[in-house]
Amino acid sequence: MQTTTTYIALLSALSFSAAAQQVSIQAPQSATANDFIEVFKQLSGEHPGVRKGHAKGVCALGSFEPSATAQARFDTPLFSDQAPITLRFSMGGGNPNADEAANAPRGMAVMFDLDNNRQHKIAGLTTPMFAGKNPEQFLGLLRINYAIAQGEATSADRKAYLEANPEAARQGEWLQSHQPAAEYTSANYFGIHTFYTTLTNGELQAFRWTLVPKAGETLLTEQEQKNLPKSFLAKRLSERLKDGPVEYEWHWQLAKEGDPINDPSQVWPKDRETINVGTLKITESGGESCTPINFDPNQVTDGISTSQDPVLQIRSPAYAISYGKRLQGQ
Ligand code: HEM
């Protein structure tokens, strides 16, 4: 069983060589979208034509029904009416053959097709927090993981890095203490970043979202983790949908004064007001409906805006590079 626990880093079984990164317990001073595309390639190898992150995944289709409370409280076309949705469930990392039983983040991305050709996109993880308060901390961690895989650093270097950058350790600690879900649709998914919405009184409200399966979470046992094949989640999803749709509640947690807005390594207190803004119903899976979609979570509809969280901000150029490459078969 894989024990490496940070986003993408688990996929570090390498059979190629590349220039060594300098090992440092300091996070790098800068991190660009291209730096991430490069380190993903180093960690997972080159896989032309597929996503450079979350390379392994499955498409799904369904619909979204907004709640009356969401319609009453928020001024956004996201909640005007029922909307078709296109989804993609995925394994974190750039390896299209990732081990799905690993203690690793998984992803759920949704595109809402709203009236008047509007779209809204979200893409979250099964962990409530991210592996770093900014892109630099995350990049430093990925580079250490790569250096370890190359035999150029040790787990002691990694420990020292995480001690110097404790925010980068939180996601890994969470993954170590939580079993992965038994199915793609039996996990909670967290939006992690802060977004803003317009209230019906015109004020801006900061929020973070979670998708919660109505049937509850089910987790893999340690025994199952040992015995399962590398790929079982897409099959379980299509079998599950033969019994009928799977439903998710979409919860929005509203910020209070002082809650960290731009730090995705920190979760907000549980007692914040949380509103069920509607139900996502998943009806079918498989096919290629999600393949041409760039699920950039900065592509939001009217009445929703993004925060200045630097991790959220860098996702746009990283996804655009990945999108451009895969459309060209690179
Ligand atoms: C520095 C931070 C990050 C970088 C550089 C990064 C990079 C990427 C890249 C390059 C892709 C492939 C995009 C495509 O080809 O369409 C991707 C996919 C994805 N990422 Fe990230 N990501 C980051 C942070 C996050 C965070 C914080 C989350 C969740 C809150 C997240 C969730 C996802 C999901 C769910 C997908 C799959 C989307 C799909 O199915 O198309 N990522 N990421």
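**Histidine 47**

The model I am reading is a predicted one. I found histidine 47 in the loop between α1 (33-44) and β1. Setting aside neighbours within four places in sequence, I listed its contacts as Lys52, Gly94, Asn95, Pro96 and Gln330. I also checked histidine 47 against proline 84: they are 37 residues apart in sequence, and their C-alpha atoms are 31 Å apart in space.

**Nonpolar cores**

I turned next to the largest nonpolar core, which has 48 residues. Which of its residues touch the most other members? They are Met108, Phe112, Trp250, Trp252 and Leu280. The elements that each give two or more residues to this core are β1 (56-66), β2 (83-91), β3 (106-113), β7, α7 (233-242), β8 and β9 (274-285). I noted a second, separate core of 24 residues, with Phe36, Phe40, Leu139 and Ala169 among them.

I then followed phenylalanine 112. Not counting residues up to four places away in sequence, phenylalanine 112 touches Phe64, Leu78, Pro84, Ile85, Arg118, Gln119, His120, Ile122, Trp250 and Leu280.

**Aromatic residues**

I have a count of 17 aromatic pairs. One of the pairs I looked up joins phenylalanine 74 and phenylalanine 79; it is tilted, at 6.1 Å centre to centre with 45° between the planes. Both phenylalanine 74 and phenylalanine 79 are buried. Phenylalanine 130 and phenylalanine 138 form an edge-to-face pair, with 4.6 Å centre to centre and 65° between the planes. Both phenylalanine 130 and phenylalanine 138 are buried as well.

I also traced one aromatic cluster, made up of Phe64, Phe74, Phe79, Phe112, Phe195, Phe207, Trp209, Trp250 and Trp252. Phe112 and Trp250 in this cluster are also among the core residues that touch the most other members.

**Largest pocket**

My last entry is on the largest pocket, with a volume of about 450 Å³. Its lining has 14 residues, and Pro128, Phe190, Thr210, Gln253 and Trp268 lie nearest the centre. Which element supplies the largest share of the lining? I found that β7 does, with four residues. Sorted by class, I have seven nonpolar, five polar and two charged residues in the lining.

Notes:
Residues are numbered from 1 along each chain as its sequence is written. This is a predicted model: local features need pLDDT of at least 70, side-chain atom pairs count only at pLDDT 80 or more; totals for chains, interfaces and linings use all residues. Side-chain values use heavy atoms; hydrogens and water are left out. On a 1 Å grid over the protein atoms alone, a cavity is a set of points where a 1.4 Å probe fits but cannot get out, and a pocket is an open set with protein on both sides within 12 Å along at least five of seven lines; lining residues have an atom within 4 Å of a point. Grid points are joined across faces, edges and corners, and a volume is the space filled by probe spheres set on the points. Ala, Val, Leu, Ile, Met, Phe, Trp, Tyr, Cys and Pro count as nonpolar, Asp, Glu, Lys and Arg as charged, and the others, Gly among them, as polar. A nonpolar core is a set of buried Ala, Val, Leu, Ile, Met, Phe, Trp, Tyr and Cys residues joined through side-chain atoms within 4.5 Å. Buried means under 20% relative accessible area, exposed over 50%, partly exposed in between (1.4 Å probe, protein chains only). Contact means heavy atoms within 4.5 Å. Rings of Phe, Tyr and Trp (its six-membered ring) pair if their centres lie within 6.5 Å; planes under 30 degrees apart count as stacked, over 60 as edge-to-face and the rest as tilted.
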